[in-house]
Amino acid sequence: MSGRADAATVPKTDTESEVVLSCRDLSVEFRMDRGTSRVLNGLDIDIERNEIIGVVGESGSGKSMFASALLDAVVEPGVTSGEITYRPSEGESVDVLDLSDDRLRQLRWEEISMVFQGALSSFNPTLKLRGHFVETLEAHDYDVEAGLERTRELLSDLYLDPDRVLDSYPHELSGGMKQRALIALSLVLEPEVLVMDEPTAALDLLMQRSIVSLLSDLRDKYDLTMVFITHDLPLVTKLADRIGVLYAFELAEVGSTEEILSDPKHPYTRALLNSTPDIDSPLEEMRPIEGAAPDPVNVPSGCPYHERCPMATEDCATIKPDMEAASATHDVACHHWERVDDEIDLTTEVDR
């Protein structure tokens, strides 16, 4: 978004001191010939400092749009509305959606950084990896020599040979090496928050698990907050402290990873878990989710999941459920969440 004035700062309170990103009524719309497409609808969520939060859901649920919205990076003609408050460890809080272009460019790399899908397309094929790091450091007026020392440390942390990687063109590295180099590039300016949109989607299972393990180590070493966006529920459970479940561009459920896995309260979350492949379970026990996610131009009234939900009642079709507290660390948007244990069994176990 362009043409904005710098945001007024917001004083921190004691209750907000551990929240690094706060979203209120966060929405994204695209106006099209056939109608307005709302691809993110009224999200309220707090992301805590130094946590890893996983955001999961089916393809087309709004996960990538959420990632872009966090950095006010939704491409035109998309329009982002609501509030995103960033609270750095030092200094005043900032309204991300009310920043000037210059301040927003600074925030995106120096304070909140992002790893997009597809490492290959993120690098200039005619430029060696060293050039990518130097360009980033120079663009933000960082000391290049000191920045390259940090680069070497980050590459080593990610089990890469710094000299080999920095002196290579992107095509000379494997997919896993490029993805790890991209993570290092996203951290070279020492951001507090790292947003990752399907960072392991194109990698084999072994490399996915390896990178997940490395990310956990990086969080601890560099005091990072991470938002890990993926369709792969079993993968994110190995990493995340909390999980948010998106359905039809809205949050259906948010809770600690343990609670989401062992006691999910939303029928969609249970369906998502029951559809998760498990090589140890008989094929007949897998339950694919029937039906299809709604069209963003024509999201049903009431609960957006009611057309696919075995528990749906007339209220579900007409009244939108509010997010309710199922426990101190577990929220769910469902009229009938207190009955879900009795009506929808969990048939698949996902190990952490």
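**Pockets and helix packing in a predicted model**

Q: What is the volume of the largest pocket?
A: A pocket is an open set of points on a 1 Å grid over the protein atoms alone, with protein on both sides within 12 Å along at least five of seven lines. Two or more lining residues come from each of E2 (35–48), E9 (242–247), E10 (250–256) and E12 (330–332). Asp44, Leu251, Val254, Met323 and Asp331 lie nearest the centre of the largest pocket. Its volume is about 670 Å³.

Q: How many charged residues are in the lining of the largest pocket?
A: The lining holds 28 residues. Of these, 13 are nonpolar and six polar. The charged residues (Asp, Glu, Lys and Arg) number nine.

Q: What is the volume of the largest cavity?
A: The largest cavity is lined by 13 residues, and Pro267, Cys303, Cys309, Cys316 and Cys334 are the closest to its centre. By class, its lining has nine nonpolar, four polar and no charged residues. Its volume is about 80 Å³.

Q: Are H4 and H7 roughly parallel or roughly antiparallel to each other?
A: H4 (residues 129–139) and H7 (residues 175–187) pack with their axes 10 Å apart, at an angle of about 20°. Angles under 35 degrees count as roughly parallel and over 145 as roughly antiparallel, with 65 to 115 roughly perpendicular and the rest oblique. H4 and H7 are therefore roughly parallel.

Q: Which residues of H7 does H4 meet?
A: H4 passes H7 in a right-handed crossing. From H4, the contact (heavy atoms within 4.5 Å) takes in Leu129, His132, Phe133 and Thr136. By class, this contact has five nonpolar, two polar and no charged residues. The H7 residues are Ala181, Ala184 and Leu185.

Q: Which residues of H8 meet H7?
A: The axes of H7 and H8 (residues 205–222) come within 11 Å and cross at roughly 20°, so the two helices are roughly parallel. On the H7 side, the contact uses Gly176, Gln179, Arg180, Ile183 and Leu187. Seven residues of this contact are nonpolar, two polar and one charged. The H8 residues are Met207, Ile211, Leu214, Leu215 and Leu218.

Q: Are H4 and H5 roughly parallel or oblique to each other?
A: Arg130, Phe133, Val134, Leu137 and Glu138 in H4 meet Val144, Gly147, Leu148, Thr151 and Arg152 in H5. This contact divides into five nonpolar, two polar and three charged residues. The axes of H4 and H5 (residues 144–157) come within 10 Å and cross at roughly 130°. H4 and H5 are therefore oblique.

Terms used:
Residues numbered from 1 in each chain as written. Predicted model: local features only at pLDDT ≥ 70, side-chain atom pairs only at ≥ 80, totals over all residues. Heavy atoms only, no water. Axes fitted to C-alpha atoms, helices over the stretch in contact; angles between N-to-C directions. Helix = DSSP H or I, 4+ residues; strand = E, 2+ residues; numbered from the N terminus. Left-handed = near helix turned anticlockwise from the far one by under 90°. 1 Å grid on protein atoms, 1.4 Å probe; cavity = no way out; pocket = protein on both sides within 12 Å on 5 of 7 lines; lining within 4 Å. Points joined across faces, edges and corners; volume = space filled by probe spheres on them.
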